[in-house]
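Colleague: I'd like to learn how to read strands, sheets and a chain interface in a model. Could you walk me through it?

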Amino acid sequence: MSVFDLLVDQGHVVSVLLEAVAASKEKNNSSQEMTHAWLFTGPPGSGRSSAALAFAAALVCGKSGCNNCLDCKTALTGSHADVELVRTQGLSIKIDEVRELIGRASWSPSVGNYRVVVIEDADRLTESAANALLKAIEEPGLRTVWLMCAPSATDVLPTIRSRTRSLVLRTPSIAAVVALLEKEDFSQPMANFAARASQGHIGRARHLAKNTEARSRREAILKISLLITDVASAFKAAQVLVDAAKAEAEDETEKDASAELTALKEAWGEQGSRLTQGGSKAVKELEKDQKSRATRTVRDYLDRALLDIATLYRDVLLIQSDSKETTINIDLISEITNLANNSTPQATLRKLEAIMSARTNLAHNAAPLLTIEALMVSLK
Amino acid sequence: MSLALYRKYRPSTFSGVIGQEHVTEPLSNALESGKIHHAYLFSGPRGCGKTSSARIMARSLNCEKGPTPDPCGECQSCKDLVANGPGSLDVIELDAATHGLVDDARELRDKAFFAPVNSRYKIYIIDEAHQLGPGAANALLKVVEEPPPHVLFIFATTEPEKLISTIRSRTHHYPFRLVPPGVLATHLEKVCASEGVKVAKGVIPLVVRASGGSVRDALSVLGQLLAGAGKEGVTYEIAIQLLGYTDGALLDEAIDAIAARDGGTLFKAIDRVIESGHDPRRFTQDFLERLRDLIIVGAVEESASQILREIPEDQLQRMGTQATLIGTANLIRSADIVAAGLTQMRGATAPRLMLELICGRILLPGGDDVSLISRIERLERVQDISNSGAPLATTQPAAKQNTVVNKTKPETKLETKQVAKSEVGKKDPAEVKEEVKAPIRAAAPTPSANKPTGPIDAAALRRFWPEIIENVKKRRRLTWSLLSSSAHVLAVDDKAITIGIVNAGARDSFIRSGSDEILRSAFIDVTGLDLKIECVVDATANTSAPSFRVAEDPSDADQLSGQELLMRELGAQIISETNKE
């Protein structure tokens with residue numbers, strides 16, 4: 001059992017990492033297998049951060065990543081003394097955080113051989129933050145290793161890219177995801193469906209396979225777009241979709257929001273209704289933060305929904321081009337074939353473009369309902 | 001952990017800096033002659049030697065036997081300042097990105113006045129200078145302009161335009177450049193030799209290509225390859241695999257599918273790309289590069305081998321066929337689509353979906369709005385003409401139609417260049433026209449004015465005459481001049497449109513010059529009707545009738561030329577013509 005078993009279908013990356021780990025354990029090794037800065041890239045769900053964490057664990061573990069010892073276990077959860085894990089829930093990683101990080105990164109390791117800094121969302125570094133990292137990742141301390149993760153190499157500054165060794169993770173093949181799900185005791189048809197519907201995103205596949213609610217929600221979204229026949233139904237569909245997004249966002253944020261607020265008030269010494277000085281400001285900031293998080297949740301939900309709808313039309317387009325093997329939404333195959341027979345590839349492509357431009361507009365902070373209405377009308 | 005190659009092979013003298021002779025030579029000369037400025041600015045893309053040069057400059061200046069371009073390497077300062085050495089107290093390297101606040105600048109300004117500890121100069125190297133905040137940069141201005149005699153500043157940055165101009169104007173600016181492939185390749189070979197690793201032929205060019213001319217990128221990539229090297233050294237296969245370059249065969253398959261407009265094969269090729277673990281982004285990038293190569297091959301044909309030197313002859317021949325099959329216009333359009341798609345692939349969107357969307361766009365021209373509008377426009381017109389009579393009065397004003405036609409014209413041109421094989425293409429009149437390639441000769445002038453009009457009404461067609469003439473004008477001026485003042489629509493049936501031309505001379509030159517083809521295309525463009533053009537002499541044609549007369553703009557009269565001008569101004573008639581050849 002090794003920490004690298006957690007990676008699905010990434011044989012080429014694992015072999016590179018294993019060699020690096022082996023080289024890192026030898027003193028006076030002058031080969032190039034191990035280096036001080038790595039950039040893990042790969043599509044969402046391919047396990048970039050798992051790969052980086054597994055590598056970090058293997059570096060601090062005495063047995064090259066046994067996944068049994070305390071070092072491995074704490075490293076994987078990010079609580080190891082020598083593994084610094086940078087994660088953000090916000091939109092960006094700010095320069096102040098990075099400055100502190102650089103200071104800590106130059107310390108000597110306390111228990112293991114290496115001090116490892118893992119930045120999970122290197123694409124979320126602000127420009128100034130990324131620039132502040134440059135010197136540190138070019139010539140770090142003797143036993144410091146930087147591991148950065150980003151969706152693609154173009155998402156980080158070219159100056160960062162040129163200082164790091166890049167490792168590209170692949171989208172796990174459908175077969176590999178199916179095998180994984182079957183190992184986790186899901187039935188073959190279910191595994192097959194989930195693997196295809198999630199397009200190799202392991203987390204989503206597992207979520208779909210496990211969760212009936214998620215499955216029915218996905219189906220409802222796809223059906224929405226199938227049911228549009230005229231302008232009236234298009235507007236109705238848009239309303240349904242946006243309402244669903246808002247409900248989901250409320251569900252998700254309400255839960256944490258009130259708990260967070262109580263915790264914060266407690267921290268500021270709430271006695272009766274009065275907070276100590278500065279407390280109300282902090283509460284206000286938190287509320288603002290929560291609101292922006294809620295907006296982001298709505299937007300993310302809609303974006304995911306639009307991508308699901310896009311996969312539907314992508315299937316239609318592929319069937320119209322005589323390519324049936326790779327259908328993503330196999331559960332709706334009859335509807336898709338129907339749609340394919342009743343329209344031209346041009347029309348399908350136009351719908352796909354409409355979905356993509358709606359996504360761009362949403363990302364640019366357009367009013368969600370308006371955008372979705374416009375989209376649904378063009379999908380009719 | 002050993003040092004990364006780009007740190008291990010950091011140069012310690014100007015002679016070791018490669019590809020930057022335009023900077024290192026003047027600097028060496030300045031050191032030699034002692035003409036030393038108090039502030040320098042080194043700018044250039046990532047990994048081309050700015051920071052290294054700044055350190056070398058400091059080392060050269062502080063050498064006990066210096067200032068000299070060839071530091072002795074024996075004195076204390078030289079030993080301290082050698083690459084990966086311990087550093088010297090008098091050479092202060094600052095990271096402006098982390099020390100870019102005004103307080104940092106003030107502190108620096110205060111400390112700058114202290115004399116150096118044991119060297120000639122106290123040198124501040126301010127790296128990533130573009131991150132210097134405005135407050136900090138302004139606080140430095142005075143000291144950068146008139147520093148104490150023992151102080152020197154060297155700024156290094158990738159983005160000199162971000163540095164405020166008042167700092168820039170106080171420095172000597174040395175722009176660094178990316179390193180040319182030849183020089184970089186020689187350097188990489190030297191590195192491989194001193195690392196003692198055998199590298200197969202063809203690997204170094206791959207590394208150079210991946211680096212984009214940056215030495216650090218190149219050494220990073222090379223380090224990765226050396227790490228993956230087996231007993232036989234770095235083989236070509238290992239390199240391709242490690243660098244993630246797309247297999248040439250996969251690219252060929254995709255291009256062939258586009259040439260054949262075969263969606264099924266293209267999407268299957270993409271499936272193979274994904275399933276074999278290639279990075280979709282990498283594939284898209286390689287695909288774009290292949291399209292670029294094809295455009296070059298299509299443009300220069302014979303001498304392509306001189307420009308695309310690294311591509312073997314048989315591959316070039318295959319690419320030549322592909323380029324002709326796809327057509328230059330289509331290639332450029334495809335490349336545009338791929339380039340635009342590549343930027344959309346940033347971030348977290350499902351890359352496979354994006355790749356498939358790109359392919360859809362390439363395969364199906366006319367998915368975009370402009371060409372769609374033009375198509376609808378054409379369909380509506382045909383319907384209008386077939387209905388004829390009353391509804392015509394309610395169609396859009398001519399002016400509006402004109403603008404639409406103008407707008408859609410480039411689209412139409414593009415479409416006509418594409419091979420019309422796609423299933424949907426068949427519905428497109430313009431593309432159908434391409435399929436019917438046989439040249440249509442004008443039929444013998446039979447008086448057909450009395451024929452009963454078909455479902456399409458000649459009167460309706462006449463309404464479009466001014467617009468058609470305008471369209472012809474854009475296509476060929478000669479045809480326009482023949483038609484504009486002396487022709488009109490006589491009749492139309494389901495096979496041909498009959499044009500009446502005032503005199504036989506004009507008609508003959510109309511037919512001889514192949515103008516019927518021009519007129520036919522104009523009809524297709526404006527009305528969507530694809531019919532033969534027949535020409536008859538119709539002396540009775542009253543060209544001054546307002547309904548279909550196109551008045552020649554008086555100012556345009558001097559644009560007429562040759563026989564037309566003679567005929568018009570002097571009433572000349574063509575008696576005979578001789579062939580010039």
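Colleague: How do strand 1 and strand 4 of chain A pair?

Modeller: In general, strands of a sheet pair through backbone hydrogen bonds, either parallel or antiparallel. Here strand 1 (residues 37-41) and strand 4 of chain A pair in the parallel sense over five bridges. Strands are DSSP runs of E with at least two residues, helices are runs of H or I with at least four, and both are numbered from the N terminus. A pair needs at least two DSSP bridges between the strands. L39(A) has M148(A) as its bridge partner in strand 4 of chain A.

Modeller: Bear in mind that this is a predicted model: local features need pLDDT of at least 70, side-chain atom pairs count only at pLDDT 80 or more, and totals for chains, interfaces and linings use all residues. Residues are numbered from 1 along each chain as its sequence is written, while chains are lettered from A and ligands numbered from 1 in the order in which they are written.

Colleague: What stands opposite M148(A) in strand 3 of chain A?

Modeller: I119(A) does. Strand 3 (residues 115-119) of chain A also pairs with strand 4 of chain A in the parallel sense, over five bridges. Between strand 3 and strand 4 of chain A, the chain passes through helix 5 (residues 127-138) of chain A in a right-handed β-α-β crossover; that is, with the strands pointing away from the viewer, the path from the first strand over the helix to the second runs clockwise.

Colleague: Is strand 4 of chain A mostly covered or uncovered?

Modeller: In a regular strand the side chains alternate between the two faces of the sheet. In strand 4 (residues 144-150) of chain A, T144(A), W146(A), M148(A) and A150(A) point one way, V145(A), L147(A) and C149(A) the other, and all are buried. The strand is mostly covered, with seven of its seven residues buried. Buried means 20 or more other C-beta atoms within 10 Å of a residue's own, exposed means 12 or fewer, and partly exposed is in between, with C-beta atoms placed from the backbone.

Colleague: Which strands form the open sheet in chain B?

Modeller: Three strands do, in the order 6-7-8, with mixed pairing. Strand 6 (487-492) and strand 8 (532-537) of chain B are the edges, each pairing on one side only. Strand 6 and strand 7 (residues 496-501) of chain B pair in the antiparallel sense over five bridges, and A487(B) has I501(B) as its bridge partner.

Colleague: How many residues are in contact between the chains?

Modeller: 49 residues of chain B are in contact with 54 residues of chain A, where contact means C-beta atoms, placed from the backbone, within 7 Å.

Terms used
Contact = placed C-beta atoms within 7 Å.
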